[in-house]
Amino acid sequence: MSEQRRSVLRYTWRGSERVATEVVAYGVEGEPLPGRPGVPPWEAVGGRTTDRVRLTVTDDEVRRWQDALAAYVRAVDSASARLREVWAKVSRRGALRRVPGARRRGAVRLGRAEEVYTADLAAATLAYRPVRQEVEARVAVAREEERAVRARERDRAEAARLAHIAALRQWKQRWIDLARAADLRTWTWRYEGQALLVLPQDAGRPGQPALTAREVAKLLVVLAGRGCTRVEWEREARRSVEEIVGLGQFPAWWRDVLSATVNTRTREAAEQEITSTAERLGAALDTAGRPGMRVFTVGSQQSVSGWHLALDRPPRLARPGVGLPVVPSEPANRGWRLRNYDGRVLPYDTLTLTLDRSRRDPVGFAEVRKETVYSTFTRSVWYRRTPAQFARSFLDDEARHYSPWHENDLSFRLADHADAREFVPYVMALAGMVTSALLAVAQHHGVAL
């Protein structure tokens with residue numbers, strides 16, 4: 001006797017329009033009703049199917065359940081047909097209202113027919129009850145198993161969520177410890193020959209201010225222009241750092257601090273380059289009489305005046321390598337949003353350099369954005385920013401993690417973790433896209449910056 005997985009449905013319908021009693025039965029989806037041709041009653045007006053449940057059933061059970069359902073349907077159909085017949089006769093005779101007592105006799109006869117229908121329906125329901133109880137018991141067990149499966153899935157999801165959060169917190173705590181060591185103001189320095197010597201504060205010259213490791217890194221970058229080629233940490237200074245970051249972790253820690261300093265200075269310089277180029281171009285175009293200025297309109301009323309900027313986007317840049325923490329049960333790096341640092345620059349097809357003397361900052365950038373008005377209705381509007389705001393947004397290197405288990409503190413700066421040999425050329429390429437577009441506008445309209 002073979003077993004198979006089949007869908008069992010709960011059928012509900014009204015056997016008669018005159019009586020409000022609902023009929024409830026169960027059947028196997030896709031199986032015909034033996035000896036009952038035509039459209040099933042639950043597919044007629046007012047009928048419905050609910051509670052689809054997958055059960056493991058045998059061929060014998062399918063046959064028994066369908067035979068019982070067919071017998072029940074036939075009994076209900078017969079009772080309903082007899083009631084409809086009486087109702088039709090009463091309705092025809094009711095038209096002869098001039099006959100004394102016709103309406104009263106018709107109401108009495110219809111009442112008896114409804115009582116007979118109710119009794120026949122109860123008898124048919126009683127005969128079907130053993131099969132209905134059998135199916136409902138099986139359905140209840142299946143529902144309980146489904147609830148148990150859902151509970152286990154919830155438990156697994158919760159365990160994955162906790163493991164995910166723990167892994168991310170552990171990853172971030174490591175960088176917090178490294179940053180804490182970099183912010184300790186306990187170092188002093190001495191410049192000897194072509195080397196910058198880093199010493200504990202009590203080993204320096206009297207009155208010399210203490211520095212943090214980040215400030216030491218900035219100092220090294222400045223002294224590099226004077227011929228400084230290396231930095232040397234005194235043994236006691238290295239030991240103090242390793243008490244925080246871990247034994248043997250000093251070289252990697254100092255490399256990260258130095259890279260973060262170089263990366264941040266590069267990004268800030270690139271932001272300043274975009275800002276100053278845009279402001280100088282706006283002033284030069286204004287002095288020249290605003291040659292080639294156009295009005296760009298979006299929607300019915302939104303418009304800006306300025307010059308369209310065509311960014312020459314490379315098809316793909318080599319993304320700065322950063323070891324992002326792997327999310328449990330997800331592919332590596334999934335869920336992290338890196339904006340323009342993902343190797344693909346976001347589209348800026350509507351980017352426009354604007355000039356409006358009525359504004360506090362007359363020179364700016366504008367681009368078309370979607371604005372939600374209500375619910376799912378959106379409209380296109382011009383989104384304006386100052387050159388400094390646009391530069392910060394365009395070169396924003398903040399990475400955020402988005403997932404069903406999102407926490408607000410899951411973010412970090414790529415500049416703090418990326419190798420400077422990869423991050424610096426990437427930032428310069430991004431900034432060069434904007435400055436090249438600005439210089440192209442200047443050259444096209446014959447203005448000098």
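What follows is a chat about a predicted model of one protein chain.

Colleague: Hi! Before I get attached to this model, how does the chain score on pLDDT?
Modeller: Hello! This is a predicted model, and the chain averages a pLDDT of 82. At least 70 is reached by 88% of the residues.

Colleague: Which elements have the lowest and the highest mean pLDDT?
Modeller: Strand β9, residues 336-337, has the lowest mean at 68. Helix α6 has the highest, at 94.

Colleague: Thanks. How many helices and strands does the chain have?
Modeller: There are seven helices and 14 strands. Of the 449 residues in the chain, 40% are buried.

Colleague: And what about contacts between residues at least 6 apart in sequence?
Modeller: Among those, 69% join residues at least 24 apart.

Colleague: Let's go back to α6. At what angle do α5 and α6 pack?
Modeller: The angle between α5 (residues 250-287) and α6 (residues 387-394) is about 145°, and their axes are 8 Å apart. The crossing of α5 past α6 is right-handed.

Colleague: Which residues meet there?
Modeller: From α5 you have E271, I274, T275, A278 and E279. On the α6 side they meet P387, A388, F390, A391, R392 and F394. The residues of this contact between α5 and α6 divide into seven nonpolar, one polar and three charged.

Colleague: New topic: E367. Where is it?
Modeller: E367 lies in strand β11, which covers residues 363-374.

Colleague: Is E367 buried or exposed?
Modeller: E367 counts as buried, because its relative accessibility is 6%, and the cut-off for buried is under 20%.

Colleague: Interesting, a glutamate. What does E367 touch?
Modeller: Leaving out residues up to four places away in sequence, E367 touches Y348, T350, L351, V381, W382, Y383 and R385. With R385 there is also a polar contact between the side chains, at 2.2 Å.

Colleague: Good to know. And how far is E367 from T354?
Modeller: Their C-alpha atoms are separated by 10.0 Å, and E367 and T354 are 13 residues apart along the chain.

Colleague: Why does S80 count as buried?
Modeller: Because the relative accessible area of S80 is 2%, and buried means under 20%.

Colleague: Which residues does S80 touch?
Modeller: If you set aside residues up to four places away in sequence, S80 touches G15, S16 and Y117.

Key. Residues are numbered from 1 along each chain as its sequence is written. This is a predicted model: local features need pLDDT of at least 70, side-chain atom pairs count only at pLDDT 80 or more; totals for chains, interfaces and linings use all residues. Side-chain values use heavy atoms; hydrogens and water are left out. Axes are lines fitted to C-alpha atoms, for helices over the stretch in contact, and angles run from 0 to 180 degrees between N-to-C directions. Helices (H or I, at least four residues) and strands (E, at least two) are DSSP runs, numbered from the N terminus. A crossing is left-handed if the near helix is turned anticlockwise from the far one by less than a right angle, and right-handed if clockwise. Contact means heavy atoms within 4.5 Å. Ala, Val, Leu, Ile, Met, Phe, Trp, Tyr, Cys and Pro count as nonpolar, Asp, Glu, Lys and Arg as charged, and the others, Gly among them, as polar. Buried means under 20% relative accessible area, exposed over 50%, partly exposed in between (1.4 Å probe, protein chains only). A polar contact is a pair of N or O atoms within 3.5 Å; within protein, one must be able to donate a hydrogen and the other to accept it, and residues adjacent in sequence count only if both atoms are side-chain atoms. pLDDT is the predictor's confidence in each residue, from 0 to 100.
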